[in-house]
Each structure stands twice: as C-alpha cells, then as structure tokens.
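The sequence and structure come first, then the description.

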Amino acid sequence: STGTPWLVYVQASAPGIDHEGELIIPQAMRDGMSYFLENGQITYEHVDQTTRHDPSILIGRPLRGVVTDDGRTLVEGSLYEHQPSMCGISCNRVGA
C-alpha cells in the first residue's frame, strides 16, 4: 500500500563463482558493505556494461546488510513501489 515500504530479504551473494565467471570473495563484501548501503541499489537484473546506466532496472535500495559466518551476504531492502520493472514481478503477488 502507499506509504508502507515494500521490504524484501534476499541473499545477495555467496562465496564461489558467479554466473559471469567472477570469484565472489566474502571479505570483499564485508569491507564494502557500508559503501553498498550508502550508494547501492537493488536491481531487477545483474548489472553489466550494457545495463549499468539503465534506470529501469533499479527496483529498490538496500537498508541493512549482513555477511554470515559462512560468507553469504544477506540484504534487507525497500522496493520502489512505482517502478514498472519491480511491479512486473510483484504487483500480482502482493495485490497491488
């Protein structure tokens, strides 16, 4: 509903190799968490060189982040309620 934040809780990363073949290092996430929380965005798709300046993939902002003992990065975020790409995935599910 309007005025109520749409909160999501997601696993943002885990140690290992991501789908682009890059190594995910838990310490890097720990070191960069405050920067991510201040400057980061939650995106609909993984950002690459072709989408990095596309505002339509921005669906929310991070609020809190935790790196677990096993290296997973968990993020609580607030979704942008009126972002069309976000609405495509959740409006029917949350009755908006």
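## Helix α1 and the fold

Glu38 is located in helix α1; helices (H or I, at least four residues) and strands (E, at least two) are DSSP runs, numbered from the N terminus. The model is predicted, so local features need pLDDT of at least 70 and side-chain atom pairs count only at pLDDT 80 or more, while totals for chains, interfaces and linings use all residues. Residues are numbered from 1 along each chain as its sequence is written, and side-chain values use heavy atoms, with hydrogens and water left out.

With a relative accessible area of 65%, Glu38 is exposed; the classes are buried (under 20% relative accessible area), exposed (over 50%) and partly exposed (in between), computed with a 1.4 Å probe on protein chains only. Glu38 and Pro62 are 24 residues apart along the chain, and their C-alpha atoms are separated by 8.1 Å.

The 14 residues of α1 should span 20 Å at 1.5 Å a residue, and the end C-alpha atoms are 19 Å apart, which agrees. The expected span is 1.5 Å times one less than the number of residues in the helix. α1 also has a kink of about 55 degrees, centred on Gly32, where the bend at a residue is the angle between axes fitted to the seven residues ending there and the seven starting there.

The protein chain contains 2 helices and 6 strands, in the order β-β-β-α-β-β-β-α along the sequence. Of its 96 residues, 27% count as buried. Gly77 lies 36 residues from Gln41 in sequence, and the C-alpha to C-alpha distance between Gly77 and Gln41 is 8.9 Å.

## Salt bridges

Side chains of opposite charge can pair when their charged atoms come close. The whole structure holds 2 salt bridges, each defined as a side-chain nitrogen of Lys or Arg within 4 Å of a carboxyl oxygen of Asp or Glu.

| Pair | N to O distance |
|---|---|
| Arg64 and Glu76 | 2.6 Å |
| Asp70 and Arg72 | 3.2 Å |

Arg64 pairs with Glu76 at 2.6 Å. This pair links distant parts of the chain, with Arg64 in strand β5 and Glu76 in strand β6, 12 residues apart. Glu76 is buried, at a relative accessible area of 12%. In the other pair, Asp70 is partly exposed at 49% relative accessibility, and Arg72 is partly exposed at 29%.

## The largest pocket

The largest pocket has a volume of about 940 Å³. A pocket is an open set of points on a 1 Å grid over the protein atoms alone, where a 1.4 Å probe fits, with protein on both sides within 12 Å along at least five of seven lines; lining residues have an atom within 4 Å of a point. Grid points are joined across faces, edges and corners, and the volume is the space filled by probe spheres set on the points.

The lining of the largest pocket comprises 30 residues, and Ala12, Phe36, Gln41, Thr43 and His46 lie nearest the centre. Elements that each supply at least two lining residues include β1 (6-13), α1 (26-39), β5 (58-67) and β6 (73-79). By class, the lining has 17 nonpolar, 10 polar and 3 charged residues. Ala, Val, Leu, Ile, Met, Phe, Trp, Tyr, Cys and Pro count as nonpolar, Asp, Glu, Lys and Arg as charged, and the others, Gly among them, as polar.
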